[in-house]
Amino acid sequence: DGRKVLVQQESHLYKDEGDCAQRLSGLNLVPLAPDKAAFTLSDVQEAVKDAEEGRVAAPVGVVSIESPVRRKYGEVFPFEDMKRIATFAREHGIRMHLDGARLFLAAPYTGIPVARYAALFDTVYISLYKYFNSGMGAILAGPRSLLENLYHTRRMFGGGVFQVWPHAAVALHFLEGFEERYSKAVATSEALFSKLAAHPGVRLERVSPGSNIAFATIPVADASSYRARLERDGITVAARNSKTAGLTELALHTNETILRRSAEDLGNTLIAAMRG
């Protein structure tokens, strides 16, 4: 029962998993809020009402929320909306699941601790390889009564990997002190962005409410050559696949490696590379 799941239409689960939830688990994913990072309490209430009052009742069992949202450049699901939806879900016996693969990247930007996010949900998924440097793996957190028998389900889905402990050990090593280090990385990136934004011809764009991705439009016609010059100086940036009238748009992803150099040094290098 309760196999109907409300999800963001732009979520990874809905857009990038090839209908795995439908094919492998018999779930019915109901997408909400097309082309948006988040849905609202009203969206949820309307979907729940439709499910319960249809000619054949098929009630919603789970609300799944991804935050930050990969397909929306790290935009976060507003916390106040999360709280309102979680309260409504509890009142109606609906479970809450958080796809928090990138959740630890959001906390320094929103000022909301990871544990406070997690407290709203019945289950929480965290990736171990997106920023904890593990080669693979994830953690599913939730009540013991639910998780203690998932060992068999995990194996059924091919998750019974032998000798997986090295990946867990790497993630555990980098987890210690991560929040403090990443907060410093965010502060360094903000100083870098301020320096870039002050340079003539550079336009900086921020996702709101966002996390670790920003965009910089720079006065360079050849993105490949510019990025190659940066690579020689030990800096890696991504293109946003957008170019107009001699300008190049870059996607700037903030991670811990930014702490290897000062914001001043990074800014000077990025600006110098614009001159060819």
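# Briefing: salt bridges, core and surface

R84 and D81 form a salt bridge, with their closest N and O atoms 2.6 Å apart. The model described here is predicted. Its protein chain has 276 residues, of which 39% count as buried. The secondary structure consists of 12 helices and 10 strands.

**Overall build**

- Along the principal axes, the C-alpha atoms of the protein chain fill a box of roughly 65 × 45 × 30 Å.
- The chain exposes about 15100 Å², and carbon and sulfur atoms supply 52% of that area.
- Among contacts with a separation of 6 or more, 68% are between residues 24 or more positions apart.

**Salt bridges in helix 4**

- The structure holds 15 salt bridges, including the one between R84 and D81.
- R84 and D81 are 3 residues apart in helix 4, so about one helical turn separates them.
- R84 counts as partly exposed because its relative accessibility is 42%, whereas D81, at 17%, counts as buried.
- A salt bridge also joins E80 and K83, whose closest N and O atoms are 3.3 Å apart.
- E80 and K83 are likewise 3 residues apart in helix 4, which covers residues 79-91, and about one helical turn separates them.
- E80 is partly exposed, with a relative accessible area of 40%, and K83 is partly exposed at 29%.

**Other charged residues**

- R95 and D122 meet through their side chains in a salt bridge, at 3.5 Å from N to O.
- R95 lies in strand 4 and D122 in the loop between helix 6 and strand 5, so this pair ties together parts that are 27 residues apart in sequence.
- R95 counts as exposed at 54% relative accessibility, while D122 is partly exposed with a relative accessible area of 29%.
- D16, R70 and R71 are linked in a network of salt bridges.
- D99 is found in strand 4, which spans residues 95-99.
- D99 is buried but has no salt bridge.
- Leaving aside residues up to four places away in sequence, D99 touches H12, I65, E66, S67 and Y125.

**Nonpolar core**

- The largest nonpolar core has 62 residues, and those with the most contacts inside it are F39, V44, V63, I65, M82 and Y226.
- Helix 10 (residues 178-197) gives the largest share of this core, 7 residues.
- In soluble globular proteins, nonpolar side chains tend to be buried together.
- V44 touches L6, L32, F39, V63, I85 and F88, when residues up to four places away in sequence are not counted.

**A buried loop residue**

- L128 is found in the loop between strand 5 (123-127) and strand 6 (138-141).
- L128 counts as buried because its relative accessibility is 10%.
- L128 touches N133, S134, M136, G137, A138, I139 and A171, again not counting residues up to four places away in sequence.
- L128 and H173 are 45 residues apart along the chain, and their C-alpha atoms are separated by 11 Å.

**A nonpolar surface patch**

- L24, M156 and F157 form a nonpolar patch on the surface, and together they have about 370 Å² of accessible area.
- F157 is found in the loop between helix 8 (150-156) and helix 9 (165-175).
- F157 counts as partly exposed because its relative accessibility is 45%.

Terms used:
Residues are numbered from 1 along each chain as its sequence is written. This is a predicted model: local features need pLDDT of at least 70, side-chain atom pairs count only at pLDDT 80 or more; totals for chains, interfaces and linings use all residues. Side-chain values use heavy atoms; hydrogens and water are left out. A nonpolar core is a set of buried Ala, Val, Leu, Ile, Met, Phe, Trp, Tyr and Cys residues joined through side-chain atoms within 4.5 Å. Buried means under 20% relative accessible area, exposed over 50%, partly exposed in between (1.4 Å probe, protein chains only). Helices (H or I, at least four residues) and strands (E, at least two) are DSSP runs, numbered from the N terminus. Contact means heavy atoms within 4.5 Å. Patches are made of residues with over 30% relative accessible area and no salt bridge: like charges are joined within 9 Å, nonpolar side chains (Val, Leu, Ile, Met, Phe, Trp, Tyr) within 5 Å. Accessible areas come from the Shrake-Rupley method with a 1.4 Å probe; for residues, only the protein chains shown count as cover. A salt bridge is a side-chain nitrogen of Lys or Arg within 4 Å of a carboxyl oxygen of Asp or Glu. Lys and Arg count as positive and Asp and Glu as negative; His and the chain ends are not counted.
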